[in-house]
Amino acid sequence: MNTSFEPGSAPEGFIPLSVPVIRGREWEYVKECLDTGWVSSVGGFVNRFEDGVKAVSKSAAAVAMVNGTASLHVALRIAGVEESDEVLMPALTFIAPANAVRYLGAWPRFFDVDPETWQMDVGLVSRYLRTDCVMKDGSPHSRDSGRRIRALLPVHILGAPVDMTPLLELAREFSMKVIEDATESLGAKYKGIPIGSLGDMGCFSFNGNKLITTGGGGMLVTDNAEWALKARYLSTQAKDDPLEYDHHEIGYNYRLTNIQAAIGCAQLEQLGEYIAAKRRIFKRYQTELADLAGISFQKTCPEGESIRWLTTICVNPDKFGADSRTLLRRLADSRIQSRPLWRPLYMLPPYCGCAVGNIPVAERLYLECLSLPSSVNLSDNDQDRVIRAMRCAVRGTHA
Ligand SMILES: Cc1ncc(COP(=O)(O)O)c(C=O)c1O
């Protein structure tokens with residue numbers, strides 16, 4: 001039984017987890033780049049894409065980057081994260097934000113997540129800052145590692161916003177910067193405000209499985225004009241003179257190309273439609289699976305609006321009658337792709353020892369959660385097949 005398929009090798013009738021949908025003006029815009037020769041990292045589409053994301057996130061400035069990880073790296077550097085600092089983040093997320101912290105020689109400190117929203121438990125962060133840290137030179141320092149805590153890195157997972165108010169209050173109280181990893185959640189809102197614009201800087205990803213894609217791409221947004229300039233500078237090899245090769249700092253080649261931005265512009269034109277589709281898919285799963293014992297869904301925090309990027313279920317094995325991995329294999333037998341959530345990051349060799357205390361919730365969610373097919377173009381028929389296969393999985397029969 002195969003649980004993942006390469007392009008072109010998928011069997012007939014295969015239902016993927018989440019694939020890009022190219023049905024707008026992508027071809028037309030890319031052709032314009034090729035016809036005019038504006039194929040590299042400057043061009044009208046880069047500016048237009050930045051303006052578009054600026055508008056969606058209601059931010060004063062946006063800087064396009066080569067991917068979401070790069071935008072996190074640059075944002076953390078601008079926030080002043082330095083070697084041996086500590087950055088506080090959830091244990092249950094993709095590895096990229098932790099890696100971005102390590103690129104700067106700093107260390108992530110992982111916290112357990114809320115059992116309902118699956119997002120970083122702010123109460124635990126608060127307790128850590130109050131009981132396990134001391135203030136020194138205006139910043140909290142961890143008692144055990146002695147490291148300065150420079151920033152909070154909340155991750156809005158699976159399209160859902162983090163409950164930001166208590167987090168922003170902690171950041172203010174303890175003089176820490178907030179970098180929002182909004183890579184999975186473009187268009188989500190918290191208290192009516194688009195995520196990405198709630199903290200000091202926000203980062204988006206446009207890789208192949210995200211809500212909108214540029215093939216690969218990212219964006220840093222901020223209301224701070226100086227930081228936006230700095231982000232542009234650092235992502236362009238820290239070039240100080242338009243003509244001469246003057247560089248006073250070590251920068252990165254992190255700029256997005258005009259071709260990628262052209263795809264992004266076309267995708268952005270369909271954002272509303274995509275979000276509506278994701279929400280419809282979620283609602284349908286929720287309604288149709290409501291009578292299955294042991295299945296629950298990610299809850300959204302009060303005053304949050306999720307875009308439901310990936311519908312993810314939590315499978316209680318005792319009540320459902322099978323565990324999440326058995327369900328994954330049974331769905332795969334029916335040519336349906338599903339996927340577990342991330343292994344808690346402190347369980348991975350590069351991040352052993354970076355957790356605060358026990359992390360039981362993230363460990364349980366890792367074992368019990370499964371993302372279901374959620375592509376924007378998932379047809380009702382295909383979704384019905386997934387739902388039927390889930391019902392058969394309970395009985396141990398084939399769909
Ligand atoms: C939570 C999270 N952070 C960061 C990233 C990194 O984005 P990218 O793949 O564009 O580098 C991703 C997605 O890949 C992600 O899911």
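## Overall dimensions

For a chain of 399 residues, a compact globule would have a radius of gyration near 21 Å, and the protein chain agrees with this because its own value is 21 Å. The model is a predicted one. Along the principal axes, the C-alpha atoms of the protein chain occupy a box of roughly 65 × 60 × 35 Å.

The secondary structure of the protein chain comprises 13 helices and 16 strands. Buried residues make up 49% of the 399 residues. Among contacts with a separation of 6 or more, 71% come from residues 24 or more positions apart.

## Domain arrangement

The domain assignment divides the protein chain into domain 1, spanning 26-268, and domain 2, spanning 271-395. Between their C-alpha centres the distance is 25 Å. Where the two domains meet, 36 residues of domain 1 are in contact with 33 residues of domain 2.

On the side of domain 1 that touches domain 2, the elements that give two or more residues are strand 3 (107-111), helix 5 (122-131) and strand 8 (189-190). Strand 3 gives the most, with 5 residues. By class, this side of domain 1 consists of 24 nonpolar, 5 polar and 7 charged residues.

An open sheet is formed by 3 strands in the order 9-8-13, with antiparallel pairing. Strand 9 (193-194) and strand 13 (304-305) stand at the edges; each has a single partner strand, so one side of each is left without a neighbour in the sheet.

Which strand pairs with strand 8 in the antiparallel sense over 2 bridges? That partner is strand 13. Within this sheet, K189 has E305 of strand 13 as its bridge partner. Strand 8 is also one of the elements that give two or more residues to the side of domain 1 touching domain 2.

## Ligand surroundings

How many residues surround the ligand, and which are the closest? The shell holds 14 residues, and the closest are N67, G68, T69, A96 and S205. Helix 3 (68-78) and helix 4 (96-103) are the elements that give two or more residues to this shell.

In terms of residue class, the shell around the ligand contains 4 nonpolar, 8 polar and 2 charged residues. For the side of domain 1 that touches domain 2, the corresponding counts are 24 nonpolar, 5 polar and 7 charged.

Definitions and conventions: Residues are numbered from 1 along each chain as its sequence is written. This is a predicted model: local features need pLDDT of at least 70, side-chain atom pairs count only at pLDDT 80 or more; totals for chains, interfaces and linings use all residues. Helices (H or I, at least four residues) and strands (E, at least two) are DSSP runs, numbered from the N terminus. The radius of gyration is taken over C-alpha atoms; the globule rule is 2.2 Å times the number of residues to the power 0.38. A residue is buried if 20 or more other C-beta atoms lie within 10 Å of its own, exposed if 12 or fewer, and partly exposed in between; C-beta atoms are placed from the backbone. Two residues are in contact if their C-beta atoms, placed from the backbone, lie within 7 Å. Domain bounds come from an automatic or database domain assignment. Ala, Val, Leu, Ile, Met, Phe, Trp, Tyr, Cys and Pro count as nonpolar, Asp, Glu, Lys and Arg as charged, and the others, Gly among them, as polar. Two strands pair if DSSP finds at least two bridges between them. A residue is near a molecule or strand if its C-beta atom, placed from the backbone, lies within 6 Å of it.
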